[in-house]
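Have the sequence and the 3D view ready.

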Amino acid sequence: MLNIVLFGPPGAGKGTQSDKLIAQYKLVHLSTGDILRSEIANGTTLGLEAKKLMDQGILVPDEVVIGMIESKVDANKDSKGFIFDGFPRTTAQAEALDLLLKKKNSSISMMLSLEVPKDELIKRLLNRGKDSGRADDQNESVIEKRINEYNSKTAPLKTYYTSQDKFFGVNGVGSVDEIFDSLCKVIEQ
Ligand code: AMP
């Protein structure tokens, strides 16, 4: 199986590149942000609880997202692999993911990290907010909070995957196709 963790701060381009990677490598896309937004759209209890945190740019509890990922992995037993987008975001999530894949005799193949400077992230997120209407992309202080959450809780995962020789940084500034080419080069090396 080819199991990729697509990593990077909010606005780095994970969603855009995931779409291209799943088409190229026939992988199943698992985005915890998308799953949470669909829970909100369906008005579930989980969605309503998560929304309160998401609107403030705060991470939802580990147990919630780990449970969501577990059921999606179980529901896609025959897949050639997964792209994990926006997950794991904490060390506890990364450990849970390793354990989950191990139970399925599989493992993470690599973490691909999209590197983008902070001023560019803020510009992209505010633009996306205008197009998508996503509340958490429209408010600069919520964006700041999300980037801070990333730096304090998620960025340490770089060390986690480096210690397993699975971390690969890619320049996330440039055209969508240029960035995609860089990602493919790492996958196929
Ligand atoms: P995203 O679409 O990945 O930018 O996620 C939007 C929001 O959903 C985040 O700001 C968090 O509040 C929440 N979220 C998404 N994925 C996770 C995760 N793996 N762990 C905790 N919270 C998450």
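## What the largest pocket is made of

Keep in mind that this is a predicted model. Start with the residue classes: the lining of the largest pocket splits into 19 nonpolar, 17 polar and twelve charged residues. The space inside comes to about 880 Å³.

Which parts of the chain build the lining? Several elements supply at least two residues each, among them strand 1 (4-7), helix 1 (14-25), helix 2 (32-41) and helix 9 (176-188).

## The ligand inside

The largest pocket is where the ligand sits. Around the ligand there are 16 residues, with Thr32, Arg37, Ile58, Gly86 and Arg89 the closest. Helix 2 gives the most to this shell, four residues. By class, the shell has seven nonpolar, four polar and five charged residues.

Now zoom in on the backbone. An oxygen atom of the ligand lies 2.7 Å from a backbone N or O atom of Ile58. A ligand nitrogen is 2.9 Å from a polar backbone atom of Gly86, and a ligand nitrogen is 3.1 Å from one of Val60. How much of the ligand does the protein cover? On its own the ligand has 480 Å² of accessible area, and the protein covers 96% of that.

## The second largest pocket

This one holds about 160 Å³ of space. Its lining includes Arg37, Lys51, Asp55 and Arg134, and helix 2 and helix 3 (45-54) each supply at least two of the lining residues. Five of the lining residues are charged, three are nonpolar and none is polar.

Definitions and conventions:
Residues are numbered from 1 along each chain as its sequence is written. This is a predicted model: local features need pLDDT of at least 70, side-chain atom pairs count only at pLDDT 80 or more; totals for chains, interfaces and linings use all residues. Side-chain values use heavy atoms; hydrogens and water are left out. On a 1 Å grid over the protein atoms alone, a cavity is a set of points where a 1.4 Å probe fits but cannot get out, and a pocket is an open set with protein on both sides within 12 Å along at least five of seven lines; lining residues have an atom within 4 Å of a point. Grid points are joined across faces, edges and corners, and a volume is the space filled by probe spheres set on the points. Ala, Val, Leu, Ile, Met, Phe, Trp, Tyr, Cys and Pro count as nonpolar, Asp, Glu, Lys and Arg as charged, and the others, Gly among them, as polar. A residue is near a molecule or strand if one of its heavy atoms lies within 4 Å of it. A polar contact is a pair of N or O atoms within 3.5 Å; within protein, one must be able to donate a hydrogen and the other to accept it, and residues adjacent in sequence count only if both atoms are side-chain atoms. Accessible areas come from the Shrake-Rupley method with a 1.4 Å probe; for residues, only the protein chains shown count as cover. A molecule sits in a cavity or pocket if more than half of its atoms lie within 2 Å of its grid points.
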